[in-house]
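Open the structure in your viewer and keep the selection tool at hand. The stops below say what to select and what is there.

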Amino acid sequence: MRTLTLCPTAINDTPYDFHSRLAVFNAKRLSPKSPDANWINDIRTEAAWKIAEGEFIEMERSSISAAAALAPTGVDRFMDWFERLRQEGPGQNDALFPWLQNYASLEEMRWFLTQEAAGEAGFDDLLAITQVKVPIRAKLEMASNYWDEMGRGHERGMHGPMLEQVVKELALEPTVAGTVWESLALGNLMVGLAINRRYAYQSIGALGAIEMTAPGRVSLINAGLQRLHVPIAARKYFQLHAGLDIQHSKNWNLEVIAPLVSNQPDLGPWIAEGALMRLASGARCFERYRAHFGLDAAPVDAA
């Protein structure tokens with residue numbers, strides 16, 4: 001990563017230093033707080049970080065620009081291209097997940113889940129931020145998706161607390177200090193796309209990519225946890241998303257992405273960028289995780 005010279009706190013940072021600091025900043029700026037006499041300094045700090053964040057996102061955009069340029073025009077052709085990302089996009093069918101399903105020890109699984117939990121940006125909050133002022137048809141589908149994330153009004157069904165239950169049941173201790181930079185960067189990317197309205201359509205593409213590609217991975221994680229005799233309370237989050245996200249993805253593609261591209265064809269490239277940035281960032285995490293476990297990139301056959 002090149003030096004982010006426009007942010008005083010980021011000069012000469014390593015990728016870990018930058019993303020750990022940005023993750024801490026994101027946690028602060030997204031948390032409710034009371035009025036503060038130092039609000040002017042807070043705005044100055046936020047402005048500096050937003051410039052650095054923008055440079056980071058622009059570098060991510062640049063890295064996938066050639067692939068995004070291959071996305072076709074026309075809603076039908078675009079949707080065919082988008083849906084092929086489920087199998088052909090960056091990070092898909094990665095060897096990490098069959099290995100987690102069939103071979104990882106409990107401690108290895110705990111390390112992996114700690115990284116994932118620490119880098120989790122909160123799909124529900126990202127969705128709530130992204131849907132602001134989008135066209136009605138897309139907003140309605142995003143609202144329905146959000147309502148599912150909220151357990152349809154029941155605390156026990158809320159997805160965020162289910163992930164917190166995984167952390168509790170497996171005695172995980174997710175911290176910024178204990179998380180690889182690739183995972184922090186993924187969380188920072190998702191927050192940056194959602195909170196900066198100039199990237200609203202990239203955020204829609206990224207969230208759609210999550211819904212479309214997650215079921216295959218989480219089903220293998222759930223199977224691995226079941227093999228390790230992990231109780232259902234720690235598997236419910238993965239078990240739920242293995243099935244629910246399939247329908248979410250169908251609805252998201254039909255009611256959010258397709259209408260947006262049909263009504264405004266110029267949105268297609270931005271949606272494609274978001275999907276590719278999210279998938280490429282995820283692939284970078286998987287590569288780092290495999291390196292931690294001493295795995296090569298060769299496919300691992302399912303048992």
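Start with the largest nonpolar core, which has 78 residues; such a core is a set of buried Ala, Val, Leu, Ile, Met, Phe, Trp, Tyr and Cys residues joined through side-chain atoms within 4.5 Å. Select F78, F82, L96, F112, L113 and I257, the members that touch the most other members. Helices here are DSSP runs of H or I with at least four residues, numbered from the N terminus. The model is predicted: local features need pLDDT of at least 70 and side-chain atom pairs count only at pLDDT 80 or more, while totals for chains, interfaces and linings use all residues. Residues are numbered from 1 along each chain as its sequence is written, and side-chain values use heavy atoms, with hydrogens and water left out.

Stay on F112 and show its contacts (heavy atoms within 4.5 Å). Leaving aside neighbours within four places in sequence, F112 is in contact with L96, F97, L100, I221, Y289 and F293.

Next, select helix α1 (residues 15-30) and α9 (181-195). Their axes, lines fitted to C-alpha atoms over the stretch in contact, are 9 Å apart and meet at an angle of about 45°. The angle is taken between N-to-C directions and runs from 0 to 180 degrees. The two helices are therefore oblique to each other, the class left after under 35 degrees (roughly parallel), over 145 (roughly antiparallel) and 65 to 115 (roughly perpendicular). On the α1 side, show P15, Y16, H19, S20, L22, A23, N26, R29 and L30; on the α9 side, W181, L184, A185, N188, V191 and I195.

Move to E211 in helix α10 (residues 200-227). Is E211 buried or exposed? E211 is buried, with a relative accessible area of 1%; buried means under 20%, exposed over 50% and partly exposed in between, with a 1.4 Å probe and protein chains only. Draw a C-alpha to C-alpha distance from E211 to N251: 9.9 Å, for 40 residues in sequence.

Now turn to the loops. K133 lies between α6 (123-130) and α7 (136-149), and its phi is near 65°, a positive value in a residue other than glycine. K133 is exposed, at 78% relative accessibility.

Finish in the loop between α8 (159-169) and α9, where G178 sits. A171 is in the loop between α8 and α9 and has a positive phi of about 55° although it is not a glycine. A171 is partly exposed at 48%, and G178 is partly exposed at 42%.
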